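The following exercises are to be worked through with the sequence and the structure at hand. Each task is followed by a solution in steps.

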Amino acid sequence: MMTVQTILPQPFEWVHIPSGDVFIQYGEWDKLEFRVREVKKLSVSAFDIAKYPVTNAQYDVFINHPDGYKNPKWWDFSDEAKKWFYECDSQIEASYFVGDDCPRDSVSWYDSMAFCLWLSAMTDEKIMLPTEWQWQRAMIGDGHQKYAWGDAIDATFANYNQHIRKTTPVTHYPAGKSVFGVMDMIGNLWEWCLNSYETQHTDLSATDERALRGGSWINPPELVNALVYDGAPPDVRDYCFGFRCVLLR
């Protein structure tokens, strides 16, 4: 059986994340101030996460593979996903920003899920989107701070606030790595998560909005940190949305 590294072009590697607890904050925004409504403590089992978001070159392998994007079985995880696939099959959306090593944007949650299921079948491994609590654990571990390095950020750590006005290669900000060495989790693109928005539900057939983490190249610093979340319908493609994978053992 093939490995991810033999299927997808570099950069790709798994980073092991040990088990532990996270504290997920839910609340509302008042202008650019987040007011916490509740905090939930969640226990997270050990898992592996992709060191980098899925890049343009890697997603193109899925699109061009003879058993890839065009195979309806990768969309069988829900009736709505199948319906969406048949309606959008001939309209694969190109990445808004070019560059083989830039994160793949303009992918829906459905697209991202199909990629994970295809890669799982190709490798005989369980590859999935991260939940919000897995994503946060991979970013700050046992911490409560906004970033792996503390509570302040500047343009040397991540691509945000339109200071570049486009996405950048996923290897571009080594100073912004997570506590476990995971790259590009902050800024560049919001990353799709497995669970529904503001819940711990992970039902693949649900039509709920799905959670997003990390902020993007267009967002101000208030929206670009390890604790902030957003959500969007699973069929939305946006030039601020991308994804990365986790490996469950």
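**Exercise 1.** How do the residues of the lining of the largest cavity divide into nonpolar, polar and charged?

*Solution.* The model is predicted: local features need pLDDT of at least 70, side-chain atom pairs count only at pLDDT 80 or more, and totals for chains, interfaces and linings use all residues. Residues are numbered from 1 along each chain as its sequence is written, and side-chain values use heavy atoms, with hydrogens and water left out.

Step 1. On a 1 Å grid over the protein atoms alone, a cavity is a set of points where a 1.4 Å probe fits but cannot get out, and lining residues have an atom within 4 Å of a point. Grid points are joined across faces, edges and corners, and a volume is the space filled by probe spheres set on the points. There is one cavity of 30 Å³ or more, and the largest cavity holds about 40 Å³ of space.

Step 2. Its lining consists of Pro-53, Val-54, Pro-103, Arg-104, Asp-184, Gly-187, Asn-188, Leu-189, Glu-191, Gly-242 and Phe-243.

Step 3. Ala, Val, Leu, Ile, Met, Phe, Trp, Tyr, Cys and Pro count as nonpolar, Asp, Glu, Lys and Arg as charged, and the others, Gly among them, as polar. The lining of the largest cavity therefore has five nonpolar, three polar and three charged residues.

**Exercise 2.** Describe the largest pocket by its volume and its lining.

*Solution.* Step 1. A pocket is an open set of grid points with protein on both sides within 12 Å along at least five of seven lines. About 210 Å³ of space lies in the largest pocket.

Step 1. The lining is made up of nine nonpolar, two polar and three charged residues.

**Exercise 3.** Which members of the largest nonpolar core touch the most other members, and which helix gives the most to this core?

*Solution.* Step 1. A nonpolar core is a set of buried Ala, Val, Leu, Ile, Met, Phe, Trp, Tyr and Cys residues joined through side-chain atoms within 4.5 Å. Buried means under 20% relative accessible area, exposed over 50%, and partly exposed in between (1.4 Å probe, protein chains only).

Step 1. The largest core has 76 residues, and Ile-49, Tyr-59, Phe-115, Trp-118 and Phe-243 touch the most other members. Helix α4 (residues 109–123) gives the most to this core, with nine residues; helices (H or I, at least four residues) and strands (E, at least two) are DSSP runs, numbered from the N terminus.

Step 2. Contact means heavy atoms within 4.5 Å. Beyond four places in sequence, Phe-115 touches Leu-8, Val-54, Gln-58, Tyr-59, Phe-62, Phe-243 and Cys-245. Among the buried residues of helix α2 (residues 56–64) are Gln-58, Tyr-59 and Phe-62, and α4 is part of what covers the buried residues of α2.

**Exercise 4.** Is Ser-108 buried or exposed, and what does Ser-108 touch?

*Solution.* Step 1. Ser-108 is found in the loop between α3 (79–88) and α4. With a relative accessible area of 0%, Ser-108 is buried.

Step 1. Setting aside residues up to four places away in sequence, Ser-108 touches Trp-84, Trp-192, Pro-234, Asp-235, Val-236 and Arg-237. A polar atom of the Ser-108 side chain lies 3.3 Å from the backbone nitrogen of Tyr-110.

Step 2. Val-107, found in the loop between α3 and α4, is buried at 1% relative accessible area.

**Exercise 5.** How many residues of α5 are buried, and where does Gly-141 lie?

*Solution.* Step 1. Nine of the nine residues of α5 are buried, including Trp-133, Trp-135 and Arg-137.

Step 1. Gly-141 follows α5 and has a positive phi, near 60°. Gly-141 lies in the loop between α5 and β6 and is buried, at 4% relative accessibility. The C-alpha atoms of Gly-141 and Ser-178, 37 residues apart along the chain, are separated by 8.4 Å.

**Exercise 6.** Identify backbone features of Gln-162, Glu-198 and Pro-11.

*Solution.* Step 1. Most residues other than glycine have a negative phi, and most peptide bonds are trans.

Step 1. Gln-162 is not a glycine, yet has a positive phi of about 60°; Gln-162 is partly exposed, at 30% relative accessibility. Glu-198 also has a positive phi of about 60° and is partly exposed, at 26%.

Step 2. The peptide bond from Gln-10 to Pro-11 is cis, with omega near 10°, and Pro-11 is found in the loop between α1 (4–7) and β1 (14–17).

Notes:
Polar contact = N/O pair within 3.5 Å; in protein donor to acceptor, adjacent residues only side chain to side chain.
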